[in-house]
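Reader: Could you take me through the reading of a computed model, one feature at a time, with the cut-offs stated as we go?

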Amino acid sequence: MKISAVGGRAAFAKRLIPFLIAGLLAGMLGACNFSVGGDPTYPNDRNKNERGASGNGSTLFGEGGLLSNNSAAPDNGTSGGVGVNSLLWRASLDTISFMPLVSADPFGGVIITDWYTPPQTPDERFKVNIYILGRALRADGVRASVFRQTNQGGAWVDAPVALNTGTDLENAILTRARQLRMSGQQQ
């Protein structure tokens with residue numbers, strides 16, 4: 001009985017081989033590029049206007065697009081390859097450069113720091129979250145959240161932050177952005 005089962009499988013395999021070969025040949029022929037009247041040039045050789053890269057700022061990576069560095073444009077902080085205002089982004093990083101970063105997302109406009117303990121007060125630590133809200137350089141384009149903890153008996157406990165701390169940080173960022181903008185216009 002075992003011999004007949006093995007023999008049956010061999011016979012089935014012999015009948016299956018021509019179908020497998022026919023399928024492979026059909027797949028190989030289907031992958032060939034027969035000329036059926038299409039454009040024989042590779043897409044990179046086509047006219048750029050045909051693909052939508054007209055150079056008028058209408059594309060993602062073209063002139064005036066997301067990753068452009070158009071030096072002829074006024075320095076309003078909207079160019080430079082980030083998704084938010086680049087002046088506010090650089091000013092935010094400059095302002096909190098003394099704190100260790102956990103995350104910095106230039107396209108989403110979010111900067112999150114790790115806890116920072118000032119050397120003068122080793123029993124308290126601070127954490128900052130900065131949100132850049134758009135591509136325009138505006139006073140309401142940046143938000144800062146400051147968190148504070150104090151060490152009480154070896155455990156860090158949340159503590160209140162002065163009400164004006166977040167606003168003062170936002171003002172420092174805006175002042176630095178103004179300095180960056182002025183230094184860019186003088187060059």
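This is a predicted model: local features need pLDDT of at least 70, side-chain atom pairs count only at pLDDT 80 or more; totals for chains, interfaces and linings use all residues.

Reader: Which residues of strand 2 make up its covered face, and which its uncovered one?

Author: In a regular strand the side chains alternate between the two faces of the sheet. In strand 2, Ile111 and Thr113 are on the covered face, while Val110 and Ile112 are on the uncovered one. Strand 2 (residues 110-113) also pairs with strand 3, again antiparallel, over three bridges; among the contacts, Val110 has Tyr131 as its bridge partner, and Ile112 stands opposite Asn129.

Reader: Why is strand 3 described as largely enclosed?

Author: A residue is buried when its relative accessible area is under 20%, exposed when it is over 50%, and partly exposed in between, using a 1.4 Å probe and protein chains only. Strand 3 (residues 124-132) has seven of its nine residues buried, so the rest of the structure largely encloses it. For the whole chain of 187 residues, the buried share is 22%. Strand 3 is joined to strand 4 (residues 142-152) by nine bridges in the antiparallel sense, with Arg125 bridged to Gln149 in strand 4.

Reader: Where does Arg125 lie relative to Trp115?

Author: A charge sits over a ring if NZ of Lys or CZ of Arg is within 6 Å of the ring centre and within 35 degrees of the ring normal. Arg125 lies over the face of Trp115, at 4.6 Å from the ring centre.

Reader: How many salt bridges does a search of the whole structure find?

Author: Side chains of opposite charge can pair when their charged atoms come close; the criterion is a side-chain nitrogen of Lys or Arg within 4 Å of a carboxyl oxygen of Asp or Glu. The search finds four salt bridges, including one between Arg176 and Asp94, whose closest N and O atoms are 3.0 Å apart. Arg176 lies in helix 4 (residues 165-186) and Asp94 in helix 3, so this pair ties together parts that are 82 residues apart in sequence. Arg176 is partly exposed at 29% relative accessible area, and Asp94 is partly exposed at 36%.

Reader: Which residue's side chain meets that of Glu124, and is Glu124 buried or exposed?

Author: Glu124 forms a salt bridge with Arg148, at 2.7 Å from N to O; Glu124 is in strand 3 and Arg148 in strand 4, 24 residues apart. Glu124 is buried at 16% relative accessible area, whereas Arg148 is partly exposed at 23%. Another salt bridge is that of Glu170 with Arg143, the closest N and O atoms being 3.6 Å apart. This pair links helix 4, which holds Glu170, to strand 4, which holds Arg143, across 27 residues. Glu170 counts as buried at 12%, and Arg143 as partly exposed at 37%.

Reader: How many aromatic pairs does a search of the whole structure find?

Author: Rings of Phe, Tyr and Trp (its six-membered ring) pair if their centres lie within 6.5 Å, and planes under 30 degrees apart count as stacked, over 60 as edge-to-face and the rest as tilted. The search finds one pair. The ring centres of Phe98 and Tyr116 are 5.1 Å apart with planes at 75°, so the pair is edge-to-face. Phe98 is in the loop between helix 3 (86-95) and strand 1 (101-105), and Tyr116 in the loop between strand 2 and strand 3, 18 residues apart. Phe98 is partly exposed at 48% relative accessibility, and Tyr116 is partly exposed at 21%.

Note on methods. Residues are numbered from 1 along each chain as its sequence is written. Side-chain values use heavy atoms; hydrogens and water are left out. Helices (H or I, at least four residues) and strands (E, at least two) are DSSP runs, numbered from the N terminus. Two strands pair if DSSP finds at least two bridges between them.
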